[in-house]
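Please take the sequence and the model together, and follow the chain from its domains to its ligands.

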Amino acid sequence: IVTKLPNVGTTIFTVMSALASEKGAVNLGQGFPDFNCDPSLVQAVTNAMQDGLNQYPPMAGVQVLREAIADKVEKLYGHHYDPLTEITVTAGATQGILTSVLCAVHAGDEVIVIEPVYDCYVPAIELAGGIPVFVQMTVDQRGYSIPWDKVKAAVTPKTHMIMVNTPHNPTGTVMKAADVAALADIVRGTDILILSDEVYEHMVYDGAPHESLARHPELAQRTFINSSFGKTYHVTGWKVGFVAAPAAMTAEFRKVHQFNVFTVNTPVQYGLAAYMKDPAPYLDLPAFYQKKRDLFRDGLKNTRFELLPSEGTYFQCVKYGAISDLSEAEFCKWLTTEIGVAAIPVSAFYNTPKESGIVRFCYAKKDETLRLALDRLAKL
Ligand code: PMP
Ligand code: GLN
């Protein structure tokens, strides 16, 4: 077989989790909580199964869940998506992103991606026959930011899509109103589509708003918004998310979706719909994770790591130049094997080789797990 993805190996998340488990390290690498979800969410899914809701649901997702999603998006971001024609339930954001790209990007189209970039974006573009065009974020003492002048300069007549992610994995940066305005300026008067990955929409800290592109009518009309219940409800293994997009874009999305997965796990959808009636779990999430972020950051101040900001997500990036001059990948291996704490090299989020001496920790962990990791890191 002739490979279609010559540059792709096994994802760094899988590689680091395997090494962490082999070495018995505290796994702050792959992003997932080490605590359980709310038992009443499990009960809601169990109820659906016991009620016999176990056969194929409608292709686009069960209607009560699409309605619950539309209500939530409208309450939070002020944009009404029609649950019948503008919201599709996906098998996690990974499938939502792949399907958004496959349905919209044609062979030879250019797609602008901003590095560091989450690992599933570029393979999706390549499978569609598109051409990824990379713009690197700027990184300095204040952390990472998007150089919009460079994004603008990367636009050509072939540019068909720009992919953005806020809050951003791995850097933890959050787009501000000025970022959104800059993006709007770039696409105004063009046919460029946007894919906005908002899986961490409920993890923005210090009282800042989540600048969903749904808030901006001008952008919403050309955007596939992707989100994931895995992040919001501490159930990354359930692999359920959604895509919200204008009707004409959703129609194309569903043409691919129906032959990609056709549809998504029925009882989990009903369970989520019932659970979403109470907004508290997602409204309380920023406070919940902000405490963990602060615990972890306070602890790291006793180490030789240099902290970058973490405005959102459950990731903390650090510079390790005072500790080691190994490459990021080698440093992560060493940290996992010798110190017993797994991290992810930020270089894994670049397609063009880049070493910044920065690694990413995940703080979606029990406080005791974070303390154990901090004890180990304090020895450095
Ligand atoms: N986008 C980003 C930025 C992510 O961090 C993740 C999950 N780690 C995904 C997409 C994929 O989400 P899901 O697990 O719902 O497929
Ligand atoms: N998105 C998670 C992370 O960034 C990992 C998900 C995966 O393993 N694909 O760590």
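The bounds of the domains used below come from an automatic or database domain assignment. In this predicted model, that assignment gives domain 1, made of residues 12-30 + 284-378, and domain 2, which covers residues 39-281. The C-alpha centres of domain 1 and domain 2 lie 26 Å apart.

Where the two domains meet, 25 residues of domain 1 are in contact with 28 residues of domain 2. On the side of domain 1 that touches domain 2, helix H13 (285-300) and strand S12 (315-319) each supply at least two residues, and the largest share of that side, 5 residues, comes from H13. Sorted by class, the residues on this side of domain 1 divide into 13 nonpolar, 8 polar and 4 charged.

Turning to the ligands, ligand 1 has 14 residues around it, of which Gly92, Ala93, Thr94, Asn169 and Ser228 come nearest. Helix H4, which spans residues 92-104, provides the largest share of this shell, with 3 residues. Considered by class, the shell around ligand 1 holds 9 polar residues, together with 3 nonpolar and 2 charged ones.

Around ligand 2 the residues are Thr11, Phe13, Gln30, Gly31 and Asn169, and this shell divides into 4 polar residues, 1 nonpolar residue and no charged residue.

Definitions and conventions
Residues are numbered from 1 along each chain as its sequence is written. Chains are lettered from A and ligands numbered from 1 in the order in which they are written. This is a predicted model: local features need pLDDT of at least 70, side-chain atom pairs count only at pLDDT 80 or more; totals for chains, interfaces and linings use all residues. A residue is near a molecule or strand if its C-beta atom, placed from the backbone, lies within 6 Å of it. Ala, Val, Leu, Ile, Met, Phe, Trp, Tyr, Cys and Pro count as nonpolar, Asp, Glu, Lys and Arg as charged, and the others, Gly among them, as polar. Helices (H or I, at least four residues) and strands (E, at least two) are DSSP runs, numbered from the N terminus. Two residues are in contact if their C-beta atoms, placed from the backbone, lie within 7 Å.
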